[in-house]
Amino acid sequence: MNAPLPSITMTVPEFLTWSARQPEAERYELVDGKVVPMSPERARHNLVKLDVAIALRQAVREADLPCTVFTDGMGIAIDDRTVREPDASVQCGVAVDPDAVLVSAPIIVVEVTSPSSERVDADDKFVDYFALPTIEHYLIVLSGKRVVVHHRRKQDGTIESRILHDGDVVLDPPGLTVPVAALLGPDLGVKEIH
């Protein structure tokens, strides 16, 4: 990171103004008013994120739903002092403002773990995302372990969790079915180059 991070706490509007002035290559989240830099990503993480977005978009098209799939870069305001930036998110039935930097009504959020983010994705972001009443599904993709953890808000408000190695992830609402294999990305085990 080139510039020092602000030492003061910020609100979401202050953070959005500040982050708009930062170099595009640098990405941040706001956590409890504090600016937190996001780590540079590895090739595996980038490729899995791409596959997740493609799989979600394909599922939206197949279901013919009025949903928009976003990749990272779009934030989600958890409260007035926290903005998270998931690797992918889905919003349904809401017109998209082309100048928005925040997803206004996410229904699905996805995080692809890395060794440095696995605990935060499983603990802190789990609590943050389900603090939003619009979020029905939180998927954590552990590509190295070839597993997807699906957290789903049930009608009574409780959270149900499933660990999926294969088959389909059913995301209802809004009415999507996504193959687990499509969310896991390529298997990037060590291969010989000839």
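Two exercises on a predicted model follow, each with a worked solution. Local features need pLDDT of at least 70 and side-chain atom pairs count only at pLDDT 80 or more, while totals for chains, interfaces and linings use all residues. Residues are numbered from 1 along each chain as its sequence is written, and side-chain values use heavy atoms, with hydrogens and water left out.

**Exercise 1.** Describe the largest pocket: its volume, its lining and the classes of its lining residues.

Solution. 
1. A pocket is an open set of points on a 1 Å grid over the protein atoms alone, where a 1.4 Å probe fits, with protein on both sides within 12 Å along at least five of seven lines.
2. The volume, meaning the space filled by probe spheres set on the points, is about 670 Å³.
3. Lining residues have an atom within 4 Å of a point; there are 28, and His45, Thr113, Ser114, Ser116 and Ser117 lie nearest the centre.
4. Helix H3 (118-122) is among the elements supplying at least two residues, and its three are the largest share. Helices are DSSP runs of H or I of at least four residues, and strands are runs of E of at least two.
5. The classes are eight nonpolar, eight polar (Gly counts here) and 12 charged (Asp, Glu, Lys and Arg).
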